[in-house]
Amino acid sequence: MATKNWPLWEVFVRSKNGLEHRHFGSLHAADAEMALENARDVYTRRNEGVSIWVVESKYITASNPEHNGELFEPAQDKVYRHPTFYDLPDEVKHM
Amino acid sequence: MKENLYNYILQIADNSLILGQRMGELCGHGPSLETDIACTNISLDLFGQVRSYYQYAAKIAADGRTEDDIAMLRKERDYLNILLVEQPNTDFGYTMARQFLFDVYHLLFLKELEKSKDLILSAIATKSIKEVTYHQRFSSDWIKRLGDGTEESHERIQNAINDLWTYTDELFRLSEVDEEMLEEGVAVDISKLKNGYYQKVSDVLEEATLTVPESKYFQKGGKQGIHTEHMGYLLADLQYMQRAYPNMEW
């Protein structure tokens with residue numbers, strides 16, 4: 001066995017119906033079923049969720065912070081890309 | 001006081017109290033942060049159930065004792081839990097084997113208790129079933145994971161199952177209290193749970209590539225207050241604060 005540590009998993013929880021799953025944190029588990037049960041015990045025991053996703057961390061491809069300039073900064077001076085010129089009705093929640 | 005009902009409630013509640021104490025011992029000592037929290041969650045579920053039972057028992061006793069007095073201040077011979085739940089956390093294999101062997105029984109038991117003529121017991125059963133369904137899922141998964149895991153995990157969980165097997169028959173033995181309460185339509189006929197229990201246990205063990213023990217030598221006595229040598233130490237831990245500082249609260 002190469003390592004004694006269980007692999008790392010990322011946990012996403014939908015806190016109520018209608019909302020999207022949000023990243024809640026990470027944990028260690030030997031397999032997907034254990035990751036789900038651990039997530040339930042670590043993150044949702046105070047009634048925080050209605051649905052859990054777990055994904056092994058190694059399957060997540062992350063952007064490199066060193067590339068933040070080229071990736072994100074060009075968007076900052078283009079206000080017309082943001083829907084700020086519309087009035088949002090009060091009935092529309094979670095935008 | 002309805003002594004049979006009082007003792008019947010204790011028979012049920014003491015199982016959860018003592019197993020809850022055993023799982024609580026792992027708080028801060030679990031094999032990983034995640035399993036540590038999982039075990040203490042199970043412990044808290046069991047203590048939650050226990051409170052409802054002891055509140056009811058205190059009402060039946062009507063002698064001024066509170067739920068805490070009943071939980072904390074009895075002597076060893078007055079605890080009526082089965083022997084299985086008091087067995088120690090020898091290693092994680094024993095902890096999971098004990099949990100699994102109890103969970104399968106516990107769930108079958110609660111599903112029958114739900115039909116009891118006693119509405120309070122029935123309501124506690126209904127509330128507990130969801131929790132215990134999860135306990136059984138958690139412990140069954142661990143039995144499979146350890147049994148079908150490495151050579152070492154297989155051997156250790158098999159040893160734990162073999163050792164604890166001797167305490168399983170007691171689960172289905174009717175005490176005098178059971179028989180009296182059965183006549184009143186309050187108690188569960190636990191002798192009828194036996195086949196379903198061994199079937200479920202065997203299914204999980206087989207899936208876990210484990211051998212179902214064939215031993216026919218069984219221990220009993222817990223429901224009569226005759227406990228194994230581990231019980232005294234467990235109670236010393238459980239009762240220390242109330243014995244050292246009587247009536248303390250926080």
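Is K127(B) buried, exposed or partly exposed, and how many other C-beta atoms lie within 10 Å? The legends below describe a predicted model, and the first of them takes up this residue.

Figure 1. K127(B) is partly exposed, because 14 other C-beta atoms lie within 10 Å, a count between the limits of 12 or fewer for an exposed residue and 20 or more for a buried one. Q49(B) is 78 residues away from K127(B) in sequence, yet their C-alpha atoms are 8.4 Å apart in space.

**Figure 2. Overall fold of chain B, built from nine helices and zero strands.** Along the sequence the order of elements is α-α-α-α-α-α-α-α-α. The C-alpha trace of chain B spans about 55 × 40 × 30 Å along its principal axes. The radius of gyration of chain B is 18 Å, which agrees with the value near 18 Å for a compact globule of 250 residues. Of the 250 residues in chain B, 44% are buried. Among contacts in chain B between residues at least 6 apart in sequence, 75% join residues at least 24 apart.

**Figure 3. The largest nonpolar core, with 73 residues.** The residues with the most contacts inside this core are I9(B), A13(B), Y53(B), A57(B) and A97(B). Helix α4 of chain B, residues 92–113, gives the most to this core, with 14 residues. Apart from this core lies another, of nine residues, which includes W9(A), V13(A), A29(A) and V54(A).

**Figure 4. Contacts of Y53(B) in the core.** Y53(B) is one of the residues with the most contacts inside the largest nonpolar core. Leaving aside residues up to four places away in sequence, Y53(B) touches I9(B), I12(B), A13(B) and I124(B). Two of these partners, I9(B) and A13(B), are also listed among the core residues with the most contacts.

**Figure 5. The contact between chain B and chain A.** Eight residues of chain B and 11 residues of chain A take part in the contact. On the side of chain B that touches chain A, the elements that give two or more residues are α2 (33–61) and α5 of chain B. The largest share of this side, four residues, comes from α2(B). By residue type, the side of chain B that touches chain A divides into three nonpolar, two polar and three charged residues.

Definitions and conventions: Residues numbered from 1 in each chain as written. Chains lettered and ligands numbered in written order. Predicted model: local features only at pLDDT ≥ 70, side-chain atom pairs only at ≥ 80, totals over all residues. Rg over C-alpha atoms; globule rule 2.2 N^0.38 Å. Contact = placed C-beta atoms within 7 Å. Core = buried A, V, L, I, M, F, W, Y, C linked by C-beta atoms within 7 Å. Nonpolar A, V, L, I, M, F, W, Y, C, P; charged D, E, K, R; others polar.
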